[in-house]
Amino acid sequence: MPSPIITVENLGKRYLISHQRKKGDGLRHTIEEAVRNPLSFLRQIGGRRNLENDVVWALKAVSFTVTEGEIVGIIGRNGAGKSTLLKVLSRITRPTEGRVRLRGRVASLLEVGTGFHQELTGRENIFLNGAILGMTRAEIRRKFDEIVAFSEVEKFLDTPVKRYSSGMYVRLAFAVAAHLEPEILIVDEVLAVGDAAFQKKCLGKMRDVATGGRTVLFVSHNMQAVSVLCSRALLIEGGTVAHDGGIQDTIDLYMAPEKGSAVGAADPEKRLGSGDYRYTAAQPEKDCFEGSEEKSVAFELRRRKQRVGKMWLSAHVVDADGLVLAQCDSRLIGTMADDCERLTGRFRFSTPWLKPGRYRMDLVICANGILVDLWEGACSIIISPVLPYPYSLSEDGTKLGRVFSDFRWDLETQDDNGGVAVARTLESR
Amino acid sequence: MTELIIEPGRAERQYWRDLWKYRELFYFLAWRDLLVRYKQTVVGVAWSVIRPFLTMVVLTIVFGKLGKMPAGAVPYPILVFCGMLPWQFFSTALAESGSSLVSNSNLISKVYFPRLVVPASSIITSFVDFLISTILLTALMGWYRWLPSANSVFLPAFVALTLAASLGAGLWVAALMVEYRDFKFIVPFITQFGLYLSPVGFDSSVVPERWRLLYSLNPMVGIIDGFRWAILGGQHRLFLPGLLASVLGVALLLFSGVWYFRKTEQSFADVI
């Protein structure tokens, strides 16, 4: 068992919210306070601010270890404390309590293009940004060509970056950062920028960094990127580590608070229908499904009044806007339920591929053209934010449409000069 | 493998080592400030010549011609320029380094490095201006056919003293401005009043002897007198108690500046 390269023990970070800004602000207030209460003022200057009342613990009792070569994703909602954790680990701000041990050179990339200067040329900014990120001049010079090639801005190297398009700017900035060679790399949300092609390139570069044996801490809201890059993830909630485990488990758990209570009438007596039979249970077989996999819901129904003869069942998949995406009626496939005391079964479907999010399932029983039971919101199914496609990372490619499709592109290109026609097929899977 | 421990309030032994490691960043930030300084200006670097020259002309007219201040045998422009040399350096360095942390706040909140690098490197642009002004003074002395005195060998010591004074004051203001933006308004006052409170446009010998020591509590008095003594020599005697007061004052300013800066540095990213 290799010894950990990062050890975090009981880390806490406290912020003072009022921070002397309550009455008046700035210097005048401080001078006033100094005149009114010189002793406590001196104590404050001496470093012991006794303003315990308005404190916020951005991090509390955070402990974990990371072994060399691991790529650990850090996920959590906005304000959960992820960024504070990274700031403490990269020494930008001090912890209030606890201790961190880092064995190796640390580079942190909390923003793309930190310290870029608008007036300087691309070439100058490569050197400046490299130095800010902790590279030596010799190191930058050695990697200069590589950085330029990666950024694809050769032609504009001697143009001030203020004349760059935002895409060029981001490419150059990421290129510098991507050529850092620390033992520990700390990255925050940098893949949220750039176009899809460049994001893919960045992701590839990050994977190279990782396979090169370096340790990476990676914060992102992009579950797709996290799941592709990381094998392990920490879920941060309310300033502490809520879960530390395999990537899929952690992502599922991250999505989990949204699951649970059925929206419809749980009380069978209040539902629509004759009520001779009622569903008594409905439970998705997974907390979180992938968009393209088969989803299944286990259910049970019981006779409550009289027999009704053969019944057919139906399930409706309803999206967050209340739109019924699919009516999966057992009649359509010739499946009928026989009259019985109790019936258990599974409803399964695999198309359409669902977009990430939460879907409501409505379950229906009919017999002889009469509605027996309609259980709206029998359960909810959660679709993982990991997209079912191999390449899509940006929102541009997926924001339209209510569902995902299983599709392919067959291409045949011809050149006017009678060149060889090339046929290619690109599949979504 | 280097091991790094992050703990609250840990007086980092590695701080000064880190500072050395980040000397290239110091160099690059200074280089950036110099490169950017005169971008998109028409006359460019010439500003470094025009500004002190015009100031010299105004001060000569106000104090020398209108105020009829004594200058002895020394041409008044040279007398003024000798005073302006350290004063301009001090005042621009104070303004630059004082605002350096705030104007680099994007760096402070996103990257780690010893924060001392920022105010220290921002002094370099003022130092370059100082060197340009020195050349201008040489030209001025050539024009008046005035030879520098042999005391000039001590000039580097006074330059170092000015540097220390600028850095000390700059660190104080930079650290304070992170929390109190009031200093944005205070610094111009300091430099404006300081110009008249320090013997820039006149010779400090006009101050009555019994007030001399009190007057020397302003560390710039000893420094400016020192510059005049080193460059002009002649009737410019060195007022030793004043010089001593100045050296002590500068040392106090520098050490307390570093102390305060180091103490507040840890919370810069939270406050800025």
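A: Begin with one pair of residues: the bridge partner of H316(A) in β13(A) is Q327(A). Five bridges join β12(A) to strand β13 (residues 324-329) of chain A, and the two run antiparallel; strands (E, at least two residues) and helices (H or I, at least four residues) are DSSP runs, numbered from the N terminus, and two strands pair if DSSP finds at least two bridges between them. This is a predicted model, in which local features need pLDDT of at least 70 and side-chain atom pairs count only at pLDDT 80 or more, while totals for chains, interfaces and linings use all residues. Residues are numbered from 1 along each chain as its sequence is written, and chains are lettered from A and ligands numbered from 1 in the order in which they are written.

Q: How many bridges join β12(A) to β16(A)?
A: Seven bridges join β12(A) to strand β16 (residues 357-367) of chain A, and this pairing is antiparallel as well. Within β16(A), V364(A) is the bridge partner of S314(A).

Q: What is the strand order of the open sheet of three strands in chain A?
A: The order is β10-β11-β14 (chain A), with antiparallel pairing. Its edge strands are β10 (277-284) and β14 (342-349) of chain A, each of which pairs on one side only. Strand β11 (residues 295-303) of chain A is joined to β14(A) by eight bridges, and K295(A) stands opposite F349(A) in β14(A).

Q: Which residues touch the most other members of the largest nonpolar core?
A: They are I74(A), F218(A) and A233(A), in a core of 143 residues; a nonpolar core is a set of buried Ala, Val, Leu, Ile, Met, Phe, Trp, Tyr and Cys residues joined through C-beta atoms within 7 Å. A second, separate core has 28 residues, including L313(A) and C379(A). In chain A, 36% of the 429 residues count as buried.

Q: Where is a cis peptide bond found?
A: The cis peptide bond joins T351(A) and P352(A), with omega of about -10 degrees, and P352(A) is found in the loop between β14 and β15 (353-354) of chain A.

Q: At what angle do α3(B) and α6(B) cross?
A: Two packed helices are described by the angle between their axes and the distance between the axes. For helix α3 (residues 47-66) and helix α6 (residues 117-143) of chain B, the axes come within 9 Å and cross at roughly 65 degrees; axes are lines fitted to C-alpha atoms, for helices over the stretch in contact, and angles run from 0 to 180 degrees between N-to-C directions. Among the residues that make the contact are V49(B) and F53(B) of α3(B) and I132(B) and L136(B) of α6(B).

Q: How many residues does each chain give to the contact between chains?
A: Chain B gives 28 residues and chain A gives 37, two residues being in contact if their C-beta atoms, placed from the backbone, lie within 7 Å. On the side of chain B that touches chain A, α2(B) gives the most, with six residues. Strand β4 (residues 97-103) of chain A and β1(B) pair in the antiparallel sense over four bridges, and L102(A) stands opposite L4(B) in β1(B).

Note on methods: Buried ≥ 20, exposed ≤ 12 C-beta atoms within 10 Å, placed from the backbone.
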